[in-house]
Amino acid sequence: MARWFKARSTIQVRRLMGRLLGMAIVFVCVLAVTLQMGWAQSLPTSQVHPIPAILIQAVQRLDPAVGPGDYFDAIERKGVGYLIWSKFPVTVAIDELGSDRWKLQVTTAVVEWQRYFPLKIVSTPETADIRIQSKRLALKPDPKTGKLPRFRSAETHYDVFVNKVSDDSDTKHLSHRMTIDLASGQADGVMLSVARHEIGHAIGLWGHSPNPDDIMYFSQVSKSPLISSRDLRTLHRVYGQPTRLGWAITP
Ligand SMILES: [Zn+2]
């Protein structure tokens, strides 16, 4: 029996005209969830994992003058708890079939995140924790307006499943895997910005900031922000929360 959850985060890209000076593109992420809770009785107890040392150090280095703000309240807590990783480094497979331009922008986004979070690029998409795929996305009506967007830039979804800790152990853990579908054929800066944003979702920022200076802002301004202190503080708070992911299933 399939034992997994699915969820999606969709980015749609539209071009703005006229009075929106300085803002060329906006993307709108729509988060939707489908959960299968029939096996909730065997879920692990929700507990806190150790926070990655590199993330702790990154937050400690932040300039206090920038302010202590975060957008933790915007991050969704799912039925399995916060969508955080507990086995590091988290492995990332970048689609070999993507164009050179696409792969360069996606790799750059991963490298940017590696300054703050333990990510490792691997060439084994079948077993990677996060898969980033070059894919043209089918158009879907905007859930708010009902209109079809001109273009969809990216979509991130996750699966939750049960797997063995090792081949010589019967212990099974509740695990998850993230998949990012990211369209090619966009301007380099847009692909980089979208990849940066979607990787944020994939490592635990499952929500959107109300502040345009954060990479997890629901829209993108023409001058894309870099990973902000608020992004890092939010991620740090998320990793201090309990989750059922990464813990052993009770027989
Ligand atoms: Zn988003």
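Q: Is the crossing of helix 2 and helix 3 right-handed or left-handed?
A: Helices are DSSP runs of H or I with at least four residues, strands are E runs of at least two, and both are numbered from the N terminus. A crossing is left-handed if the near helix is turned anticlockwise from the far one by less than a right angle, and right-handed if clockwise. For helix 2 and helix 3 the crossing is right-handed.

Q: What kind of model is this, and how are its residues numbered?
A: This is a predicted model, where local features need pLDDT of at least 70, side-chain atom pairs count only at pLDDT 80 or more, and totals for chains, interfaces and linings use all residues. Residues are numbered along each chain as its sequence is written, from 1.

Q: Why are helix 2 and helix 3 called oblique to each other?
A: Axes are lines fitted to C-alpha atoms, for helices over the stretch in contact, and angles run from 0 to 180 degrees between N-to-C directions. Angles under 35 degrees count as roughly parallel, over 145 as roughly antiparallel, 65 to 115 as roughly perpendicular and the rest as oblique. The axes of helix 2 (residues 100-114) and helix 3 come within 8 Å and cross at roughly 45°. The two helices are therefore oblique.

Q: Which residues in helix 3 does helix 2 meet?
A: Two residues are in contact if their C-beta atoms, placed from the backbone, lie within 7 Å. From helix 2 come Arg101, Trp102, Gln105, Val106, Thr108, Ala109, Val110, Glu112 and Trp113. In helix 3 they meet Asp188, Met191, Leu192, Ala195, Arg196 and Ile199.

Q: How many nonpolar, polar and charged residues has the contact of helix 2 with helix 3?
A: Ala, Val, Leu, Ile, Met, Phe, Trp, Tyr, Cys and Pro count as nonpolar, Asp, Glu, Lys and Arg as charged, and the others, Gly among them, as polar. By class, this contact has nine nonpolar, two polar and four charged residues.

Q: What length does helix 3 reach from its first C-alpha to its last?
A: Helix 3 covers residues 188-202, which is 15 residues. The expected span of a helix is 1.5 Å times one less than its number of residues. Here the expected value is 21 Å, and the helix comes close to it, reaching 21 Å.

Q: Why is helix 3 described as largely enclosed by the rest of the structure?
A: A residue is buried if 20 or more other C-beta atoms lie within 10 Å of its own, exposed if 12 or fewer, and partly exposed in between, with C-beta atoms placed from the backbone. Those buried in helix 3 include Val190, Met191, Ser193 and His197. The helix is largely enclosed because the buried ones number 12 of the 15 residues.

Q: Which residue just after helix 3 takes a positive phi?
A: Most residues other than glycine have a negative phi. Just after helix 3, a phi of about 135° belongs to Gly204.

Q: Where is Ser224, and which residues does it touch?
A: Ser224 is in the loop between helix 3 and helix 4. It is partly exposed, with 16 other C-beta atoms within 10 Å. Leaving out residues up to four places away in sequence, Ser224 touches Gly189 and Ser193.

Q: Is Ile132 buried or exposed?
A: Ile132 sits in strand 6 (residues 130-134). It touches Val92, Ile94, Asp95, Val106, Ile180 and Leu182, not counting residues up to four places away in sequence. It has 30 C-beta neighbours inside 10 Å, so Ile132 counts as buried.

Q: How far apart in space are Val48 and Tyr239, C-alpha to C-alpha?
A: Val48 lies in strand 3 (residues 47-48). In sequence, Val48 and Tyr239 are 191 residues apart. In space, the C-alpha to C-alpha separation is 7.9 Å.

Q: Where do the axes of helix 1 and helix 4 cross, at what angle?
A: Helix 1 has residues 53-60 and helix 4 has residues 229-238. Their axes come within 10 Å. They cross at roughly 135°.

Q: Which peptide bond is cis?
A: Most peptide bonds are trans. Pro89 lies in the loop between helix 1 and strand 4 (90-94). With omega near -5°, the cis bond runs from Phe88 to Pro89.

Q: How many helices and strands has the protein?
A: From the N terminus on, the elements run β-β-β-α-β-α-β-β-β-β-α-α-β. The protein has four helices and nine strands.
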